[in-house]
Amino acid sequence: MLASLFLLLKWSLQTWTDLKNNVNESLVSRNNGQSAVTKAYRQILTESTTATVTGLMTHKDAVQAAMYRVVDKGLPTTLIDKAGRNWSIEGYTRMVVNTTVNRAFNEVRLQRMKDFDMHLALMSSHPNSRPACAPIQGHVVNLVSPSDPDFDPHYDSIFNHGYGEPSGTQGINCRHILFPYEPGVSENHQPQYDPDEAIKNGKLVQQQRARERAIRDAKKRLRVAEQLGDDQD
């Protein structure tokens, strides 16, 4: 039990480091530089993520707690990425917590499989998926690259689908789980989805979430306008 918890914390910290080098680090530091604000963001998000990994808080509670602490500290609640898109602190925090926790649990599972010399996994499946995951979700995959001596040519490899990249499988906001798979013993009961349809559904979900964010932002602006007594359109 303690060993598993130690591994979870280890991989959580490693995942957090990876995220800092990708979305988190660039997004926070781009908006605030290497300032006290950036350090405050990091501390809040790290503590919230650790609380989730150790089971002290749920994902939802961790996101809300982080948001409240950001507001209480008077930190900016809107961040802008390099493409000029606005990130609400809610969306940003949810991305950090969900991605870090999911990757931490997956990495612990993968480490255990590696300890038992297992190199195949069954990937979970969803009706909506990112392009990197759609072709291999619901299928057995290699956990090693095609150049590895343990590669099984009967199955595709996660390394062929952006593993380790922010937009690849197991990347930012990826919800897929990798289950241990033993040929001749394990069975595949994952639902099968057409890759093109899954990608299409994934884009529709992204559009829906964008509309939901726009509605929430409009409501926030309306509340501010009402508080200021501004009845202009």
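This is a predicted model: local features need pLDDT of at least 70, side-chain atom pairs count only at pLDDT 80 or more; totals for chains, interfaces and linings use all residues.
Trainee: What makes E5, E4, E3 and E6 an open sheet?

Mentor: The four strands line up in the order E5-E4-E3-E6, with mixed pairing. A strand here is a DSSP run of E with at least two residues, a helix a run of H or I with at least four, both numbered from the N terminus. Two strands pair if DSSP finds at least two bridges between them. E5 and E6 stand at the edges with a single partner strand each, so one side of each has no neighbour in the sheet.

Trainee: How do you know that E3 and E6 pair?

Mentor: They share three bridges, in the antiparallel sense, and the definition asks for at least two, so they count as paired.

Trainee: Why is Asp 117 called exposed?

Mentor: Its relative accessibility is 55%. Exposed means over 50% relative accessible area, buried under 20%, and partly exposed in between (1.4 Å probe, protein chains only). So Asp 117 counts as exposed. Asp 117 sits in the loop between H5 and E3, and has a positive phi of about 60° without being a glycine.

Trainee: What makes that phi worth a mention?

Mentor: Most residues other than glycine have a negative phi. Asn 173 has a positive phi too, about 65°, and lies in the loop between E5 (156-157) and E6 (178-180).

Trainee: What makes a group of residues a nonpolar core?

Mentor: They must be buried Ala, Val, Leu, Ile, Met, Phe, Trp, Tyr or Cys residues, joined through side-chain atoms within 4.5 Å. The largest one here has 11 residues, including Leu 110, Met 123, Leu 143 and Leu 178. Helix H5 (89-115) and strand E3 (120-123) each give two or more residues to this core.

Trainee: Which residues does Leu 110 touch, leaving aside its neighbours within four places in sequence?

Mentor: Leu 143, Tyr 163 and Leu 178 are in contact with Leu 110, where contact means heavy atoms within 4.5 Å.

Methods. Residues are numbered from 1 along each chain as its sequence is written. Side-chain values use heavy atoms; hydrogens and water are left out.
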